[in-house]
Amino acid sequence: MLRLALVFLKIGVAAYGGGWTIVGIIRTEIVGRAWMSAEEFAKLVAMAQITPGPVALNAATLVGYRLHGLLGAAVSTLAVVAAPVALSLLIGGFFAKATKSGARLTEALKTGTIGLIAMTVWAFAPAAVSSGLNVAIALTAFAVSAFTRINPLWIILGSGVIGAATRAFLG
Amino acid sequence: MNDTSPPVKRPGFFSIFGFFFGISAITIGGGYVMVPVIQRALEKRGWLPEDEFYDLFATAQSVPGPLALNTAMFAGRRVAGLPGFLAAFLGILLPPFAAILLLAALLGAIGDWPVVQGFLDGAFAVVPGLTAALAFNMIRKRRWTPLRAVMTVASAVAITLAGTWAVPTFFAVVAVSAFAERKGAC
């Protein structure tokens, strides 16, 4: 349980770049430590994205719940937001004002964040090529969210329905 | 009454809590969906004008953590100080927490049904595409210099290979590239 808290504290500190980057880090930490299989984690991510609220928080809550029940869910959720909350309290509204060092730090963070998202893509890419249907869904999801302003939720729900229908009719 | 007082009465803890609780409970899809919703709702209430919101949003991005949560906390503090900060934190956090536990319990009961399995498999299949699109957009929107290009490629390779060392590697990359940017500027 303590290790769960420490891992999520660490994830929270580097949680730059929004939800999906954080989900990528969570995956690397949890699957990398063999606390959960890749398939189990995939199912959990699917649940996290169809539940209201930030996807990263949902994923953290679910991992904690799966590993240590209700208490684990509370611990992982609070641990993952501890660093953000502390930092938000500490720095005022002054930090991101367009100072020269602020701009430099922003650029450096962008460099690191693109690195993190690359890791996330790499981590989830094998799932996309596991079947022809999954390849098609992943390509559609990419095209729609890269080139249109359609809410990704519709792609997620649509793909879920396609997945359910395929399973129901083809077994 | 003098003309420096804000035009709207400062909202209290519970009205801010209720405000963010409502948004968090009905908005599915993470930060990039929630942030615009929060912005419009704040403006509609007269709590925060749009330009100030985007200043806060920029600050929220310089702190680690879920974007929607950070933005809400900064907005809550801007509107009502520390109570607003706490109200936003709890308001964003509680609905998904409760929803997740309910869903987990529900899936414990019906999770083995083939249709449910198929739905989850399908919903997960979008993740590689969504994350790739996110990377694509970040790469497209950035102002590139040769230095940044080299550093970013190195960063992507290093962090991907780092496994559970990804977090320390991330900070090493940020430190090195902050240093390199300074050298480049001088």
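Predicted model: local features only at pLDDT ≥ 70, side-chain atom pairs only at ≥ 80, totals over all residues.
Residues are numbered from 1 along each chain as its sequence is written, chains are lettered from A and ligands numbered from 1 in the order in which they are written, and side-chain values use heavy atoms, with hydrogens and water left out.

The contact (heavy atoms within 4.5 Å) takes 90 residues from chain A and 83 residues from chain B. Between the two chains there are 3 salt bridges, a salt bridge being a side-chain nitrogen of Lys or Arg within 4 Å of a carboxyl oxygen of Asp or Glu. Arg167(A) and Asp121(B) meet through their side chains in a salt bridge, at 2.4 Å from N to O. On the side of chain B that touches chain A, α5(B) gives the most, with 26 residues; helices here are DSSP runs (H or I, at least four residues), numbered from the N terminus.

Thr111(A) is found in helix α5 of chain A, residues 100-128, and counts as buried because its relative accessibility is 1%; buried means under 20% relative accessible area, exposed over 50%, and partly exposed in between (1.4 Å probe, protein chains only). Leaving aside neighbours within four places in sequence, Thr111(A) is in contact with Arg142(B), Met151(B), Thr152(B), Ser155(B), Val173(B) and Ser177(B).

Over all chains, the whole structure has 9 salt bridges. In chain A, the side chains of Glu40(A) and Arg66(A) meet in a salt bridge at 3.8 Å, N to O, and because Glu40(A) lies in helix α3 and Arg66(A) in helix α4 of chain A, the pair ties together parts that are 26 residues apart in sequence. Glu40(A) is partly exposed at 32% relative accessibility, and Arg66(A) is partly exposed at 39%.

In chain B, Glu181(B) and Arg148(B) meet in a salt bridge at 2.8 Å, N to O, which links helix α7 with helix α6 of chain B across 33 residues.

Note on methods. Helix = DSSP H or I, 4+ residues; strand = E, 2+ residues; numbered from the N terminus.
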